[in-house]
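Let's walk through this one together, question by question.

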Amino acid sequence: MATHAPSRSFRGVSAVVALIAAGAVGCSGVSDAVDSAKDGAKKVARQRSVFSLDIGDCYNPNGKAEGTAFTVEIVPCDEAHVGQVVGEFSIDKGKEYPGDDGVSSVADNQCPVEAQKYSPDTWALPKGVSLFYYTPTKESWATGDRAVSCTYTKENGKFSGTLDTAKSLKPEQATFLKGSNAVYEALWANQSEKDAVEDDLAGYKKQAKAVAAALAAHVDGLKDVKGAEVAKLRATLTKAAADWKKAANAADADAFYVAYDPAFDGIDPNASVPARKELGLATTVPADEAEVWAG
């Protein structure tokens, strides 16, 4: 299996662990050698094939995070680790290997969905953690491998604790996150590959329609969530939904731009901070999102 770091539009090394006998002079050297051997034995005992990873497993890769992997070191989640498996699914693409790009495309689209089931509030993720995935290679595909393991991985350093937060959410928190996540998923998943609206008006209108629909569902879900700040946000999102609908129905590029500017501003994540605070959710906008709306 191979692990790739997915990209946003608009936005796994075979490791052989060896215990090497070390000769040393003095008690300290012997003690260090014994400790090293113990650590090595523990690491060996913790090895697991990447083909048998389970959701919730916390692990350390054997070597670089990216590349070809056969095994990883499974560790307790309260111990510092590099990544945690937060979702999994199988690729249904017929008998032929869809190619590295084809596999990556499927994982790019599905892993965010699977990860949000396990860790709904992406704002609460440890700093520096990004979504990665283990996918079949051409060789493993030929053996029947179709599994994709989605992981949150820290490229530099480690983090401690589990990212399994879905079970601890209150109903109103879960409702808010479900609706909010759907809005931004609709935005990014439907982003046109063209930079200019004039070059793909139909594509941009398709995106606007998807965002408008997600916003309408989000607003509807918030009607039963109590709180003054939630009510204010609901009003803001109601207007934004109308602006996105106007963009979706724009007759030409000029009309689209007129509707799009306030529509995009209307879903600025910074506007949801007071409501998030009121609901007891994380309130620091992720750096990549903050950058987009900073202009």
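Q: Which strand holds Leu-131?
A: This is a predicted model, so everything here is computed from it. Look along residues 129-135 and you'll find Leu-131 there. That stretch is strand S7.

Q: Is Leu-131 buried or exposed?
A: A residue counts as buried when its relative accessible area is under 20%. Leu-131 comes in at 15%. With that value, Leu-131 is buried.

Q: How many Å apart in space are Leu-131 and Gln-84, C-alpha to C-alpha?
A: Along the sequence, Leu-131 and Gln-84 are 47 residues apart. In space, going from C-alpha to C-alpha, the gap is 9.9 Å.

Q: Where is Ser-149 found, and is it buried or exposed?
A: Ser-149 is part of strand S8, which covers residues 147-154. Its relative accessibility is 5%, and the cut-off for buried is under 20%. So Ser-149, in S8, counts as buried.

Q: Which residues does Ser-149 touch, if we skip those up to four places away in sequence?
A: Leaving out those sequence neighbours, we look for contacts from elsewhere in the chain. The list has Leu-53, Val-85 and Gly-87, and then Phe-132, Tyr-133 and Tyr-134.

Q: Where is the place of Asp-78, and is it buried or exposed?
A: Strand S5 runs over 71-75 and strand S6 over 83-90, and Asp-78 sits in the loop between them. Exposed means over 50% relative accessible area. Asp-78 has 67%, so the word for it is exposed.

Q: Which residues does Asp-78 touch, not counting residues up to four places away in sequence?
A: Asp-78 and Thr-162 are 84 residues apart in sequence, but 7.2 Å apart in space, C-alpha to C-alpha. As for contacts, once residues up to four places away are set aside, Asp-78 touches Ser-160 and Gly-161.

Q: What is the volume of the largest cavity?
A: Here's the general idea: rolling a probe the size of a water molecule over the atoms shows where empty space is left. For the largest cavity in this model, the volume is about 80 Å³.

Q: Which helix gives the most to the lining of the largest cavity?
A: Helices H4 (171-189), H5 (201-222) and H6 (228-248) each supply at least two lining residues. The top contributor gives 4 residues, and that is H4.

Q: How do the lining residues of the largest cavity divide into nonpolar, polar and charged?
A: The lining includes Phe-176, Val-183 and Leu-215, along with Ser-180, His-218 and Asp-268. Sorting the whole lining by type gives 7 nonpolar, 4 polar and 1 charged.

Q: Leu-237 is found in which helix, and is it buried or exposed?
A: Leu-237 is one of the residues that line the largest cavity. Helix H6 is where it's found, and it touches Leu-215, His-218, Val-219, Leu-222 and Gly-266, not counting residues up to four places away in sequence. With a relative accessible area of 7%, Leu-237 in H6 is buried.

Q: Where is Gln-207 found, and how far in space is it from Ala-247?
A: Gln-207 is in helix H5, and it is buried, with a relative accessible area of 0%. Gln-207 and Ala-247 are 40 residues apart in sequence. C-alpha to C-alpha, they are 9.3 Å apart.

Q: How many aromatic pairs are there, and what kind do Tyr-184 and Trp-293 form?
A: The count comes to 9 aromatic pairs. Tyr-184 and Trp-293 have ring centres 5.9 Å apart and planes at 90 degrees. Planes over 60 degrees apart count as edge-to-face, so this pair is edge-to-face.

Q: Why does the pair of Tyr-184 and Trp-293 tie together parts apart in sequence?
A: Tyr-184 and Trp-293 are both buried. Tyr-184 lies in helix H4, while Trp-293 lies in helix H9 (residues 287-293), so the parts tied together are 109 residues apart in sequence.

Q: The charged end of Arg-146 sits over the ring of which residue?
A: Another arginine, Arg-276, lies over the face of Trp-123, at 3.8 Å from the ring centre. For Arg-146, the charged end is 3.7 Å from the centre of the ring it sits over, and that ring belongs to Trp-141.

Technical notes. Residues numbered from 1 in each chain as written. Predicted model: local features only at pLDDT ≥ 70, side-chain atom pairs only at ≥ 80, totals over all residues. Heavy atoms only, no water. 1 Å grid on protein atoms, 1.4 Å probe; cavity = no way out; pocket = protein on both sides within 12 Å on 5 of 7 lines; lining within 4 Å. Points joined across faces, edges and corners; volume = space filled by probe spheres on them. Nonpolar A, V, L, I, M, F, W, Y, C, P; charged D, E, K, R; others polar. Phe/Tyr/Trp six-rings, centres within 6.5 Å; stacked < 30°, edge-to-face > 60°. Buried < 20%, exposed > 50% of the residue type's maximum accessible area, 1.4 Å probe, protein only. Lys NZ or Arg CZ within 6 Å of the ring centre and 35° of its normal. Contact = heavy atoms within 4.5 Å.
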